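Here's a quick look at the pockets and the helix packing in this one. Have the structure open while you read.

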Amino acid sequence: MIQTDIVIIGAGPTGLFAVFEAGLLKMRCHIIDALPQPGGQLTELYPKKPIFDIPGYPSVGAGELVDNLMEQIKQFEPGFTLNEQATTIDKQEDGTFIVTTNKGTQVHGNSVAIAGGLGSFEPRKPVIEEIENFEEKGVEYFVKNPELFRDKKIVIAGGGDSALDWSIFLADIAESVTLVHRRNEFRGALDSVDKVIELKNLGKINLITPAEIVGIKGQDKVEGLVIEKEGETFDIDTDYFIPLFGLSPKLGPIANWGLEIEKNAIKVNNALDYQTNIEGIYAIGDVNTYPGKLKLILCGFHEATLMCQSVYNRMNPGKKFVLKYTTVSGVDGFDGTRKEAEKAVVKAID
Ligand SMILES: Cc1cc2nc3c(=O)[nH]c(=O)nc-3n(C[C@H](O)[C@H](O)[C@H](O)COP(=O)(O)OP(=O)(O)OC[C@H]3O[C@@H](n4cnc5c(N)ncnc54)[C@H](O)[C@@H]3O)c2cc1C
């Protein structure tokens with residue numbers, strides 16, 4: 001059992017920044033996320049887009065903001081359980097909580113902060129007969145470990161950034177890469193489209209457009225696909241089929257945790273500390289709702305800050321909290337590092 005102070009569900013910007021605010025108050029955090037990497041919507045939906053409304057950054061790439069948040073919290077040594085979905089929260093007799101994931105990992109903490117955003121991202125699946133029977137038997141909706149595809153024949157379907165980027169990346173690893181898209185035009189970054197065309201001309205990517213996968217062949221695993229192109233169908237041999245049609249968020253298990261839900265979000269007490277109807281369980285960032293709620297990154301940062309103050313009071317009843325500015329107090333990392341502003345030099349005037 002992993003022990004921590006705050007169990008954070010969701011490694012989006014809100015969950016990540018909560019680690020920093022908790023660290024300032026000497027509280028440790030463990031983050032669980034269903035996705036294989038941190039960053040939430042920023043990494044999964046728009047990593048290359050600039051964001052213009054982060055205070056102090058006239059413009060910052062979404063991926064860059066996540067990298068900066070990871071750098072900022074490094075000193076507080078958060079634990080990460082990635083690629084696992086939090087499925088249950090059990091309140092203990094002493095008021096603490098155990099969060100369990102779909103893979104059986106258990107994290108015990110004083111409080112739980114749900115920073116689940118729009119919920120767990122689930123892949124948009126193509127409508128192909130019996131596709132479910134081939135899931136994890138050759139049909140992969142995520143590229144979690146590129147090594148799985150080394151020296152294998154793969155077919156990627158889709159026309160967005162993920163389909164283009166993975167086709168480019170896997171062209172050097174797989175035996176063959178075929179990219180199938182139902183249109184001739186792609187909806188991705190221009191340089192990625194150019195790169196795919198370059199690799200096609202070099203014979204490293206087999207591009208089939210406008211076409212769709214309409215069937216899967218194989219006994220116990222994927223052995224081939226049926227492709228329809230301009231009214232004609234033909235078969236192609238493959239070891240793996242990777243449909244990359246984007247992800248759609250679903251509130252998922254969060255809806256079953258006995259929390260008050262309104263408009264697909266968790267109701268919280270915004271006048272105080274973003275606590276839910278269950279004492280000790282907080283909801284911060286896009287996942288919560290209250291009068292006047294705005295689903296913006298900077299609002300998530302604010303909510304994370306107030307949540308941490310409230311958990312501090314839960315963990316240290318009766319102890320007076322004194323707000324300290326980081327410019328004055330510096331930042332003491334759990335890893336032994338210390339950051340502080342240069343001390344003012346007092347000089348006597350002769
Ligand atoms: C295209 C686009 C552009 C945007 N541009 C801006 C902008 O310019 N400025 C701005 O302020 N905002 C913008 N936003 C909104 C912004 O991305 C969100 O406000 C922000 O991502 C919310 O952060 P979060 O950490 O609360 O949630 P998220 O980023 O959604 O992260 C939540 C995480 O929780 C995980 N999760 C959910 N349920 C579970 C579970 N049961 N177990 C484990 N993990 C779970 C998910 O996998 C996800 O990683 C934009 C959004 C989109 C889609």
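## The largest pocket

The lining of the largest pocket is made up of 23 nonpolar, 8 polar and 12 charged residues (Ala, Val, Leu, Ile, Met, Phe, Trp, Tyr, Cys and Pro count as nonpolar, Asp, Glu, Lys and Arg as charged, and the others, Gly among them, as polar). This is a predicted model, where local features need pLDDT of at least 70 and side-chain atom pairs count only at pLDDT 80 or more, while totals for chains, interfaces and linings use all residues. Residues are numbered from 1 along each chain as its sequence is written, and side-chain values use heavy atoms, with hydrogens and water left out.

There are 43 lining residues in the largest pocket, with Gly 160, Asp 161, Ser 162, Leu 244 and Gly 246 nearest its centre. On a 1 Å grid over the protein atoms alone, a pocket is an open set of points with protein on both sides within 12 Å along at least five of seven lines, and lining residues have an atom within 4 Å of a point. Two or more lining residues each come from α2 (40-44), α4, β15 (211-217) and β18 (240-243); helices (H or I, at least four residues) and strands (E, at least two) are DSSP runs, numbered from the N terminus. The largest share, 5 residues, is from α4. As for space, the largest pocket holds about 1,300 Å³, counted as the space filled by probe spheres set on the grid points, which are joined across faces, edges and corners.

## The second largest pocket

This one has a volume of about 600 Å³. Its lining has 22 residues, and Asn 83, Pro 123, Glu 136, Phe 142 and Lys 144 sit closest to the centre. By class, that lining splits into 9 nonpolar, 5 polar and 8 charged residues.

## Helix α4 against α5

Back to α4: helix α4 (residues 161-170) packs on helix α5 (residues 190-201) at about 40 degrees, with the axes 10 Å apart. Axes are lines fitted to C-alpha atoms, for helices over the stretch in contact, and angles run from 0 to 180 degrees between N-to-C directions. On the α4 side, Leu 164, Asp 165 and Ile 168 make the contact, and on the α5 side Ser 192, Val 193, Lys 195, Val 196 and Leu 199 do (contact means heavy atoms within 4.5 Å). Those residues comprise 5 nonpolar, 1 polar and 2 charged.

Terms used. 1 Å grid on protein atoms, 1.4 Å probe; cavity = no way out; pocket = protein on both sides within 12 Å on 5 of 7 lines; lining within 4 Å.
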